[in-house]
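Hi,

Here's the structure I promised you. Have a look at it first, then read my notes below.

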Amino acid sequence: MHPVMMENFQFAAITLMTLMTVALAIWMPRHLNDDKVLNRSRWMMAAGLALLGIHFLIQYLFKLRVQGVTPAVFVNLLFFIPCCYCLSLCVLNLQRQGRLRPLEWMSGPLTLLIAAGILTDAYLTNGADPLADTPLMRRAEVTAGICYSIMQIYYTYLQITEMRRMRQALANYYDRERGNLLNWMLYTSAVLATIAIMLPVLIYFTGPILVVYGLIIFGGLFYMWLQFIGYIRTNAANSMREAEENENEMDMDTADAYDKVRDRERIEEAARNWLSADRHLRCGITIKTAADEMQIPRHQLTLWLKTTEYGQFSNWITYHRIEAAKEMLKQHNDWNNETIAQECGFNTRNYFQAVFRKQTGMTPAQYVESL
């Protein structure tokens, strides 16, 4: 690639990363409503994009590509590892709702330390010109690149595992907003995996192939950033709407409070009738569908659920599905789990078994044995 074209490419990357980082760090906080999980993910993404911007700034200022492969590799690896680590944790943090394990926190820093140690050792033993493109330096670069790829494969595996779990849950209680979030997570994981797989292109190659790869990566990162911002704003809008509904409830006078009691009794009766008709034993039930069938406003059903021990629709319907499954197991102890799952509205046998064990403390087979 011509040096001038390379510099223009790097300058565009610096500008794009800077704008996206500033938007996350300064513009978005007013939409977050003190959501700790989203705030943590926001800072993780901002850190990842900022590191990528610094990486291109160093490449641009010191013209490392012109000096040869080895100087560029040092900067690429030592910035790409923490960058992708931050972006991967951003996704995983949302999937786990902030419950990250120590190994997931430490894998990135450990990978960076190992890669830095390998490169530094080769640099110190490379002879008169430490940054010369020698076989020793190439081996060190490849080894460090493999360490980075292993790290990214590990995080991609964790993200895919969590996405499968979330999709199983959503298959039983369809939620368009969460479905869109899952799609964003899927595309983000694909972008990060692509960066890891195609890293040798970014490190060792020049010319048109580098431009094409760079455009794909930047397009993917921009999409990831844009969808994340959209999710934050949607989440903020939903939180604001719920707060307004709660505030309206709190502002009721004595007469309104009496009406509220009557509304609660009406909702409870409608919910009992809906459950008695086994309307909950169908796949893909949404809170909107349930509210329509009960002939009550969705927001009233949501507020009523918040006053119960269940808190939200998914917990409420899961509890009653498992109670129905227990009755079926008593009456038809020869039925297999696949049949029970279908009869009780669960999308898959595995998900039914997992939820049953979580609620009852035993598997369906153990429950039958205990009867």
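A search of the whole structure turns up zero disulfides. Keep in mind that this is a predicted model. Take cysteine 86: the closest cysteine sulfur belongs to cysteine 83, and at 7.3 Å that is too far for a bond. Cysteine 86 also counts as buried, because its relative accessibility is 14% and the cut-off is under 20%.

Next, the aromatic rings. The whole-structure search finds 14 aromatic pairs. One of them joins tryptophan 304 and tryptophan 316 edge-to-face, with 6.0 Å centre to centre and 85° between the planes. That pair links distant parts of the chain, with tryptophan 304 in helix H12 and tryptophan 316 in helix H13, 12 residues apart. Both tryptophans are buried. Tryptophan 316 also pairs with phenylalanine 313: the centres are 6.0 Å apart and the planes sit at 45°, so this pair is tilted. These two are both in helix H13, three residues apart, or about one turn of the helix.

There's a ring cluster too, made of Phe346, Tyr351, Phe352, Phe356 and Tyr367. Arginine 321 lies over the face of phenylalanine 346, 5.7 Å from the ring centre.

Now for serine 107, in helix H5. Is it buried or exposed? Serine 107 counts as buried, because its relative accessibility is 11%. Its side chain reaches the backbone oxygen of leucine 103 at 2.7 Å. Leaving aside residues up to four places away in sequence, serine 107 touches Met151, Tyr154 and Tyr155.

Cheers

Key: Residues are numbered from 1 along each chain as its sequence is written. This is a predicted model: local features need pLDDT of at least 70, side-chain atom pairs count only at pLDDT 80 or more; totals for chains, interfaces and linings use all residues. Side-chain values use heavy atoms; hydrogens and water are left out. Helices (H or I, at least four residues) and strands (E, at least two) are DSSP runs, numbered from the N terminus. Buried means under 20% relative accessible area, exposed over 50%, partly exposed in between (1.4 Å probe, protein chains only). A polar contact is a pair of N or O atoms within 3.5 Å; within protein, one must be able to donate a hydrogen and the other to accept it, and residues adjacent in sequence count only if both atoms are side-chain atoms. Contact means heavy atoms within 4.5 Å. A disulfide is a pair of cysteine sulfur atoms within 2.5 Å. Rings of Phe, Tyr and Trp (its six-membered ring) pair if their centres lie within 6.5 Å; planes under 30 degrees apart count as stacked, over 60 as edge-to-face and the rest as tilted. A charge sits over a ring if NZ of Lys or CZ of Arg is within 6 Å of the ring centre and within 35 degrees of the ring normal.
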